[in-house]
Structures are given as structure tokens and as C-alpha cells.
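Visitor: Could you walk me through this protein in plain words? I'm new to this.

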Amino acid sequence: MRAIVVSATGGPEVLAYKTDRPDPEPNPGEVLVDVTASGVNFIDVYHRIGRYPLSLPFVPGNEGAGTVAAVGEDVTGVSVGDTVAWSSVMGSYASRAVVPASQLLAVPEGITAEVAAAVTLQGLTAHYLAHSTYEVKPGDDVLVHAAAGGVGLLLTQIAKLRGARVIGTVSTEEKETLARQAGADEVLRYDGFADAVRDLTGSGVHVVYDGVGAATFAASLASLRPRGMMALYGQASGPVPPVDPQTLAAGGSLFLTRPSLGPYVATRDELAWRASDIFGWVASGELRVHISNRYPLAEAARAHEDLEARRTTGKLLLLP
Ligand code: NDP
């Protein structure tokens with residue numbers, strides 16, 4: 001089969017395209033999938049550069065969708081030919097992937113494998129951030145950084161579905177247009193955003209969803225109202241230095257959390273609930289999925305270059 005292999009951490013050039021990988025076999029509890037599309041996520045960059053260390057060599061990619069090609073022992077409810085999607089399974093930048101049945105999601109009729117590959121990981125993330133990390137309520141003021149990004153566009157829409165006023169930040173006019181189309185009520189540039197948020201809200205926002213990290217963290221805290229919640233869920237601009245807890249008192253009894261997807265989909269019931277909401281909203285048209293770029297699998301390096309250079313919006317897919 002074909003796959004991207006990382007043998008040494010580094011720049012996008014370490015994403016080597018190989019056409020002679022052995023075809024994998026599903027073990028008990030696993031399913032083999034012919035991949036239609038692999039989702040590109042920022043965590044793939046952290047893996048590639050070694051910020052989240054993995055043993056080498058590895059096949060990157062955490063997300064995809066495709067057609068079941070073989071079903072391992074002890075797997076029920078899945079048949080050859082089914083369209084399925086998954087997230088949080090390494091090895092997804094490949095033409096074939098072995099996926100634990102525990103991570104497998106049936107893709108409902110009417111949703112293509114490409115759309116499923118585009119919305120699974122980032123959709124589940126936007127869902128838990130808005131429902132569980134902080135439960136967004138009608139009338140809440142919510143700040144979403146990188147509002148035209150993969151998670152950002154979905155989170156903006158979901159926060160609007162829950163009745164919030166969404167303030168987004170973006171770096172360009174094109175991204176501003178997209179964030180507004182996703183429902184953002186106000187869209188700011190990063191420069192001076194904390195003051196602008198105070199001008200818009202008076203006392204600050206109820207929650208900041210910050211996947212940008214180092215560049216925005218301090219101003220994000222300064223954008224919160226007393227007892228507001230800082231959900232630092234990523235670090236696209238770099239890791240945040242250690243924080244003195246006293247900072248949270250100075251800001252007005254603030255909450256700080258650093259959530260990741262795993263604990264929010266730890267049980268099959270929780271995964272199924274979030275996936276069913278996401279796929280349901282996509283099917284009904286309440287949640288729009290913006291796929292901005294499709295790259296041949298062999299050009300994974302170009303996808304990473306574009307993502308890191310902030311040239312992209314919404315979702316990027318690799319097509320094997
Ligand atoms: P995006 O599509 O949002 O791409 C990243 C965006 O971040 C860019 O487009 C850019 O938007 C903004 N950005 C700001 N500063 C930088 C910088 N220095 N370098 C690169 N980008 C920058 O990516 P994803 O949707 O895949 O991920 C968004 C964040 O969410 C990432 O930090 C990721 O790790 C995190 N994440 C966390 C999860 C969790 O469970 N904790 C799960 C999934 C994602 P602009 O130009 O508008 O600033």
C-alpha cells in the first residue's frame with residue numbers, strides 16, 4: 001500500500017511518500033479500511049516536528065474515512081463495504097488503515113466519506129469544547145481564536161447553535177469573511193484583541209477557546225470576565241510558558257483548563273453522542289463543512305507547509 005512515513009522529525013520534507021508498504025491485516029477487534037480521504041490536523045505537525053514525541057519511524061495522520069475492506073475477529077456491527085470514519089488513530093496518511101472497532105464511526109447515508117474525513121476529529125473537538133469543557137449557554141459571549149480554521153469554523157457554528165454571541169479572531173480579510181459566514185457576530189484581528197473584546201462586551205467574555213497558544217494566551221486571559229473560563233486547547237503559534245496560578249486570581253477568579261479530545265470520548269457512549277450530533281447537523285445542513293484544499297497523498301508535505309504558513313482555511317484533506 002501507499003503511505004507517508006516519518007523516519008526523522010523535522011520540517012515538512014520529512015513526510016516521505018512510500019509506495020511499497022506491506023498491506024496491513026486487521027487483528028481481532030480491528031477493521032481494515034480502504035482510505036478515501038485522510039484528514040490533516042495541526043496535531044500532525046506537532047508529531048512531525050517532535051513536539052509530541054512518537055517512536056520513529058511512524059505513519060502520521062489521526063483521522064480518515066473510507067470503505068471497510070476486511071473485518072477482524074470479534075468485531076460486530078460492521079461489514080465489508082460500509083462507509084466509516086475515525087479519529088485519534090495514528091497511521092491515517094495511507095491508502096489503507098487498520099482501525100480499532102472502538103474508534104470506528106458509521107457514516108450515515110447522505111454524508112460522503114470526504115465530508116466525514118473532514119468533520120470527525122475537528123467536529124468532535126468543537127463539540128466537547130462547547131458542550132463539556134465549557135457548556136455554552138444562550139447569551140454567552142464566546143471568543144474563538146483562528147475562527148476560520150478547521151476547529152474554528154465548526155466551533156463558531158456550534159456556539160451559535162447554542163445561542164452564544166461569537167467573537168472571532170482571524171489574520172486576513174478572506175478569513176474574516178469565512179468566519180462571518182459561519183455565524184461569527186464580530187470578527188477581530190489579533191492585534192489589541194483584548195481591548196476590542198472589552199469594548200464589545202463591557203466585562204469580558206464567558207469563555208475563550210484558544211488553539212493558538214503562545215501568541216494569544218496572555219491577552220486571552222485579559223479578555224475574560226470574572227470567573228470566566230480559559231480553554232487552551234492547542235498551540236499553533238507555540239507552547240505557552242508556565243503560568244503562575246496567581247494570574248488567575250488577578251483576572252477575577254478565572255478558570256484555566258488544557259483539554260484534549262481523548263478524555264471527552266473515553267467511552268463508546270460519549271463518542272457516539274458527539275458523533276451523532278455532528279453527523280446529524282451536517283446531514284440537516286445546520287453545520288457546514290468547509291474543505292478548502294485537497295492534496296494527493298504524495299503531496300502531504302505541501303499540505304503541512306500551507307497549514308503552518310497560515311495559508312489555509314477550514315479543512316485540508318489528503319487523497320490517496
Ligand atoms: P487550523 O485550521 O485552525 O490552523 C491553525 C490556524 O491557527 C491558522 O490557520 C491560523 O489562523 C492560526 N494561527 C495563529 N498563529 C499561528 C501560527 N504562528 N502558526 C500557525 N497557525 C497560526 O488548525 P486545526 O483546526 O487543525 O487546529 C487548531 C488548533 O486546535 C491547533 O492548535 C490544534 O492543535 C488544536 N486542536 C486541539 C484538539 C484538542 O482536543 N485539544 C483537537 C484538535 C485540534 P489565522 O491565520 O486566522 O490566525
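Visitor: Is tyrosine 46 buried or exposed?

Guide: First, a heads-up: this is a predicted model, where local features need pLDDT of at least 70, side-chain atom pairs count only at pLDDT 80 or more, and totals for chains, interfaces and linings use all residues. Residues are numbered from 1 along each chain as its sequence is written, and side-chain values use heavy atoms, with hydrogens and water left out. Buried means under 20% relative accessible area, exposed over 50%, and partly exposed in between, using a 1.4 Å probe and protein chains only. Tyrosine 46 has a relative accessible area of 6%, so the label is buried.

Visitor: How do the rings of phenylalanine 42 and tyrosine 46 pair up?

Guide: Rings of Phe, Tyr and Trp (its six-membered ring) pair if their centres lie within 6.5 Å; planes under 30 degrees apart count as stacked, over 60 as edge-to-face and the rest as tilted. Here the centres are 5.4 Å apart and the planes sit at 55°, so the pair of phenylalanine 42 and tyrosine 46 is tilted.

Visitor: Why are phenylalanine 42 and tyrosine 46 separated by about one helical turn?

Guide: Helices here are DSSP runs of H or I with at least four residues, and strands are E runs of at least two, numbered from the N terminus. Both residues belong to helix 1, residues 42–49. They are about one helical turn apart because their spacing along that helix is four residues.

Visitor: Which residues form one aromatic cluster?

Guide: A search of the whole structure turns up three aromatic pairs. One cluster is made of Phe42, Tyr46 and Tyr52.

Visitor: How far is a polar side-chain atom of lysine 175 from an oxygen atom of the ligand?

Guide: There are 31 residues surrounding the ligand, and Lys175 is among the closest; being near takes a heavy atom within 4 Å. A polar contact is a pair of N or O atoms within 3.5 Å. For lysine 175, the distance to the ligand oxygen is 2.6 Å.

Visitor: How much of the ligand's accessible area does the protein cover?

Guide: Phenylalanine 42 turns up again here, with a polar backbone atom 3.0 Å from a ligand oxygen. Accessible areas come from the Shrake-Rupley method with a 1.4 Å probe. Of the 890 Å² that the ligand has on its own, the protein covers 91%.

Visitor: Where is serine 87 found?

Guide: Serine 87 has a relative accessible area of 4%, so this residue is buried. Its place is the loop between strand 5 (83–86) and strand 6 (96–100).

Methods. A polar contact is a pair of N or O atoms within 3.5 Å; within protein, one must be able to donate a hydrogen and the other to accept it, and residues adjacent in sequence count only if both atoms are side-chain atoms.
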